[in-house]
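Q: Could you walk me through the pockets in this model, one after the other?

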Amino acid sequence: MKNLIPSIYKKLEEISLERLKVYVRSIEGLRHGWNNYGSLEERAVIVEEFFRSLDLTVENQVISFHGKHYRNIIATLDGTNQGTDRVLIGAHYDAASGSPGADDNASGVAVLLETARILSTQRLQRTVQFVAFTLEEPQPLTLHFLIGSDHFAKKARAERIKYKAVLILESVGYTDMREGSQIVPLFIRKQVPKTGDFLGVIANRKSLSLMNSFSRIASEFVPELPVVTYKVPLNGRIIPETRFSDHASFWNQGYPALMLTDTAMFRNPYYHTPHDRFETLDFSFIENVAKAVMGVVLKLGMDL
């Protein structure tokens, strides 16, 4: 495993801050599933065409919701050892109603696309899937959200697909270096920094080992990225905000899944507002998140 380290560092150097900016620009804009259906579909086309340009195997997983058709976009990099559990990187590409959603979640999609671009040239032993999820945000006519990932995770479980790791990118672009900028939910009994400059890594009991591996590998390859880990009690039921992204759909199906987040509403004052824009983001932070994800996936993909 030691001799893989130099090759991983070399791949991390390929991450482009300028490309990350281009991705955010291309996804940013009103794209709520119900209120901006056409705009959301335009983003779906952008993501699909990008995946296809990488010569990955691309699939549209169609979901019907109150007479309209939506889609998860799945790109697969086949591993050399087909019998092993897969790795999945995911991010939702829709946005909250009335918000251009630069942080939530164009930032996550940007990391998803950049990791797909670089990893598409790799030969890994594990199969890696890159998934852009639809309808993560609340929709009218239903009390449900996480609609796209719920459909995906249930289908994967029904087909007995096994995942070694699911990494969900949820709002990974906002930092605030002021003391006191970080809010901590009431029931979290853990020392959390009061400065909003870290990546939160949220796990449940089944994903505790994955959380520890992510933290260790991230600190090895991107020591300049502060990482704060937290294992939720009771599958997150007593802190609902820890279940407000697509990882919860995988928790529900028994898969090891992490939410990777800048903590969204607990740090970003523009969360779910018209002011969640490109200009508010910290792209050096996004770049470091991409490096951490890349390092983790490369290690998991090679280490059987």
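A: Here is a look at the pockets and what lines them.

This is a predicted model, where local features need pLDDT of at least 70, side-chain atom pairs count only at pLDDT 80 or more, and totals for chains, interfaces and linings use all residues. Residues are numbered from 1 along each chain as its sequence is written, and side-chain values use heavy atoms, with hydrogens and water left out.

Start with the largest pocket, at about 460 Å³. (A pocket is an open set of points on a 1 Å grid over the protein atoms alone where a 1.4 Å probe fits, with protein on both sides within 12 Å along at least five of seven lines; lining residues have an atom within 4 Å of a point. Volume is the space filled by probe spheres set on the points, which are joined across faces, edges and corners.) Its lining runs to 30 residues, and Glu241, Met259, Thr263, Met265 and Phe266 sit nearest the centre. By type, that's 17 nonpolar, eight polar and five charged (Ala, Val, Leu, Ile, Met, Phe, Trp, Tyr, Cys and Pro are nonpolar, Asp, Glu, Lys and Arg charged, the others, Gly among them, polar). (Strands are DSSP E runs of at least two residues, helices H or I runs of at least four, numbered from the N terminus.)

The second largest pocket comes in at about 280 Å³. Helices α5 (147-158) and α7 (247-252) each supply at least two of its lining residues, and α7 gives the most, three. Among the lining residues are His144, Phe145, Asp150, Arg243 and Asn252.
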